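The report below concerns the way two chains meet in a model, and it is meant to be read beside the sequence and the coordinates.

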There are 2 protein chains.
Amino acid sequence: VITIAAFRWVPEFARGQVRDLRARWALEEAGLPYRTRLLEQGDQDKADYRAQQPFGQVPLLEEDGLVLFESGAIVLHIGSRSEALLPQEPGARARATQWLIAALNSVEPFVMDVVRIDTFLSSLSNALGGKPYLDGERFTAGDLMMVAVLRLLERTGIVGSDPRLAAYLERCTGRPAFKRALAAQLADFREAA
Amino acid sequence: VITIAAFRWVPEFARGQVRDLRARWALEEAGLPYRTRLLEQGDQDKADYRAQQPFGQVPLLEEDGLVLFESGAIVLHIGSRSEALLPQEPGARARATQWLIAALNSVEPFVMDVVRIDTFLSSLSNALGGKPYLDGERFTAGDLMMVAVLRLLERTGIVGSDPRLAAYLERCTGRPAFKRALAAQLADFREAA
């Protein structure tokens, strides 16, 4: 029987995202039963777990003496015995593997950067608090630069999802000086056209 | 008189974001007149421009023989002569500078990662095209991993802003196997509580 290691506790925001979900999903697609080995806090740093999983992460798959870590390797291993995950036909199998590697290596690093920006922007929002500007009542060069940077996220919903930062952005870009500067930059492009 | 170098042409998505906007905004806040020096395509790689701006970027500020690059340095320079940007009081001036550096060094690197993910996800969306799954009609381990990664962005609006990727995410997470896996992970946390 297959055992998947998972954490007994993680913070609320991580529930439903911890990477043992990938192993569980693959097992469900393959129709293979499994049980979980739930790690208590601290277990992942103990020598016997590190001997199995050098990074102290989950998931870990155990089956008949085989021990595997890395969610990508575990999904490929489960896939090797189920057409529900990896087709038998060599070309189709290679392409399915290609997309799995693309997810882990070409997309996930960028995704994790976005996950990290959430933390950073909520610290910024806390620093702003109820003040109109970062240092209090007065607009400064610090606000100018911070807003110039935050505006780069305009097309994503990231800043808008924090009402305090969204109001701050609107307050600063509502300044007549900003409007004149933006109009001047856009006008230079129009003249060139 | 102050001259700011800017590009005569940039792609549509960059208009209103090119960094000479920061210099223009600072000059508007300070109430200082300026003129622009518009670079034709290729000018930024010519030796005479590189002698002034080693990275071939904009903005470049020129005034009475002074030549300055880096939008942060230009805003600080303009701020040094206007209380509208940098207060005279030393503590307030230091704090305004602190926020300007925070924007450039603690926030902008993460913001630029997000700007880059946009490009990456739109390539992924194009690769998916009108197909239900990445390799065509069949769900594979590649879809499993790609969706596990894309789900990490759930709390941002990034995936949702691409209808094709949003439908793909919904299609894959609507699979009974995914639902069972997610329910099992969440149930393990509930039991621990």
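In this predicted model, 86 residues of chain B are in contact with 86 residues of chain A, where contact means heavy atoms within 4.5 Å. Trp25(B), Trp99(B) and Phe189(B) supply 11% of the area that chain B buries against chain A, more than any other three residues. Buried area is the accessible area (1.4 Å probe) that two parts lose on being put together, summed over both. Because 100% of the interface residues of chain B are also interface residues in chain A, the copies meet through the same surface.

| Item | Value |
|---|---|
| Area buried between chain B and chain A | about 8,000 Å², 68% of it on carbon and sulfur atoms |
| Salt bridges across the interface of chain B and chain A | 10 salt bridges |
| Polar contacts across the interface of chain B and chain A | 25 residue pairs, both at pLDDT 80 or more |

A salt bridge is taken as a side-chain nitrogen of Lys or Arg within 4 Å of a carboxyl oxygen of Asp or Glu. A polar contact is a pair of N or O atoms within 3.5 Å; within protein, one must be able to donate a hydrogen and the other to accept it, and residues adjacent in sequence count only if both atoms are side-chain atoms. The side chains of Arg180(B) and Glu28(A) meet in a salt bridge, at 2.5 Å from N to O. The largest share of the side of chain B that touches chain A comes from α4(B), with 24 residues; helices here are DSSP runs (H or I, at least four residues), numbered from the N terminus.

Chain B is superposed on chain A by a rotation of 180° with 0.0 Å of shift along its axis (RMSD 0.0 Å), and the two copies are thus related as by a two-fold rotation axis. The superposition is by least squares on the C-alpha atoms of residues with pLDDT of at least 70 in both. Of the residues of chain B, Gly157(B) comes closest to this axis, its C-alpha lying at 2.5 Å.

Leaving aside neighbours within four places in sequence, Leu121(B) is in contact with Val107(A), and also with Leu150(B), Leu153(B), Ile158(B), Val159(B) and Leu165(B).

Residues are numbered from 1 along each chain as its sequence is written, and chains are lettered from A and ligands numbered from 1 in the order in which they are written. Local features need pLDDT of at least 70, side-chain atom pairs count only at pLDDT 80 or more, and totals for chains, interfaces and linings use all residues, while side-chain values use heavy atoms, with hydrogens and water left out.

Technical notes
Helix = DSSP H or I, 4+ residues; strand = E, 2+ residues; numbered from the N terminus.
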